[in-house]
Amino acid sequence: MNTALKHWKEAATIILAAGTRRRRGVDSVSVDLQKVASVSVDLHKVASVSALPHKSAFDYEVLLLKRSSKSGFMPNAYVFPGGLVDPSDFSGEWLEIFKAFGNKPNFGLGSVRQSAETRPPIFATDRLKLGSPVPGEVAFRICALRETFEESGVLLVVPKVEENSLLKSVENKCDSTQITLPPHLSKVNESCDKSELARWRALVNKNPSNFIKMCKELELLPNIWALHEWGNWLTPTGVYGKQRRYDTAFYICCLQEIPHTLQDEKEIVHFKWSTPTEILHSFQARELWIAPPQFYDLSRMCRFPALSNLHGFASQRAIEGCEHWLPVRVVKDNCYISLLPGDELYPEDGSGEVEVNTSTDPFLGDSPGKESALHRMVFSDPYTMTVQITITPKYNHLPPFEGANLRHGPNSHL
């Protein structure tokens, strides 16, 4: 962990998108995967869309989990599945489970093109120097998969019997110039009966290291290859105190169809599968509350109503890497602003601890001017949130819909 960010705890989360229109057999998946892999998304065309698509335009939904009202961090919020890293996620025992992939970069995940100097600390840290033989790229995916199983009952794994075909797929694509895709447009494993999975889920909830035991006993591989790097968000300073700050790796995963889902009745009291447009509409109608990262990424996903396009974009974009985002909160008049990297007022050191002078910023809280470098979220209350962005996102990412288009676009169908 970056010593400059000593108050942050490492975590991982998954943006889980699942198909709603196609109910196909496994035999068709390998053929369709080739179509998905060859998807060429016209980013200029996608970025030029000015109004949110109607909910009926989407052929997928996204999983959100409602946190308990008793939670010490974002009570009652709807969040993506995920949570804190556990030491067992970095355990050397995973080396035996992933033995067949041990000589492949990051267990077959490959490498990103982003330079080591610009990689977020959560990914750039040499875990071997911290005593773990498991690369961070692997451990954070294991964490996200484990937490998703604990919180929602969704288990993303590959049976050991499919290891050889998976290995061939990895060998064909495992270099820095190609994309490593999962052998399926991810499908939830159904080799275990529900009672057996319920037993293991209870054990993993009790002790995260039981996730290793489960994978060994049931001969399963955590499907780390289905998770594509999406982003890295940090909790702003001065929001939840020093004990409630998280440095979170965000991944995205596209599933064939919506899996059987449960809440754990402890941390999570409700789950919701909805289209990105529906979630944003519910948020603006004050029917549910989502945190700024969820708002930003869901509005970004609205540019991809088709699951195949989302998957194609996410898997291709992931090899570029991602940016380290520590929002810097400032107050101006009757609103507060969350500055993001690239904004002309964002502190150069990116520590989040620097006082920002807002007196010279004519655009703070107003409509963005094209001549200014803006990358910020503006809040007039917890449910009124807009994005102002005039910069070009790094690492081939796309901007979200800007604030005015979320609410007032003449062709919007929210």
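Because the model is predicted, local features need pLDDT of at least 70 and side-chain atom pairs count only at pLDDT 80 or more, whereas totals for chains, interfaces and linings use all residues. Residues are numbered from 1 along each chain as its sequence is written, and side-chain values use heavy atoms, with hydrogens and water left out.

The secondary structure comes to 12 helices and 14 strands, where helices (H or I, at least four residues) and strands (E, at least two) are DSSP runs numbered from the N terminus. Of the 414 residues in the protein, 57% are buried; buried means under 20% relative accessible area, exposed means over 50%, and partly exposed lies in between (1.4 Å probe, protein chains only). Among contacts with a separation of 6 or more, 76% are between residues 24 or more positions apart, a contact being heavy atoms within 4.5 Å.

A search of the whole structure finds 16 aromatic pairs. Rings of Phe, Tyr and Trp (its six-membered ring) pair if their centres lie within 6.5 Å, and planes under 30 degrees apart count as stacked, over 60 as edge-to-face and the rest as tilted. One of the pairs is Tyr-336 with Phe-379, which is stacked, at 4.5 Å centre to centre and 10 degrees between the planes. This pair links distant parts of the chain, since Tyr-336 is in strand S12 (residues 335–339) and Phe-379 is in strand S13 (residues 375–381), 43 residues apart. Tyr-336 counts as partly exposed because its relative accessibility is 27%, while Phe-379, at 3%, is buried. Elsewhere, ring pairs link Trp-94, Phe-98, Phe-101, Phe-107, Phe-211 and Trp-225 into a cluster.

| Arginine | Ring | Distance from ring centre |
|---|---|---|
| Arg-245 | Trp-8 | 4.8 Å |
| Arg-329 | Tyr-336 | 4.3 Å |

The axes of helix H5 (residues 136–152) and helix H7 (residues 194–206) come within 9 Å and cross at roughly 115 degrees; such axes are lines fitted to C-alpha atoms over the stretch in contact, with angles from 0 to 180 degrees between N-to-C directions. The contact is made by residues including Phe-149 of H5 and Trp-200 of H7.

Finally, Arg-376 lies in strand S13 and counts as buried because its relative accessibility is 0%. Arg-376 and Ile-389 are 13 residues apart in sequence and 6.5 Å apart in space, C-alpha to C-alpha.

Methods. Lys NZ or Arg CZ within 6 Å of the ring centre and 35° of its normal.
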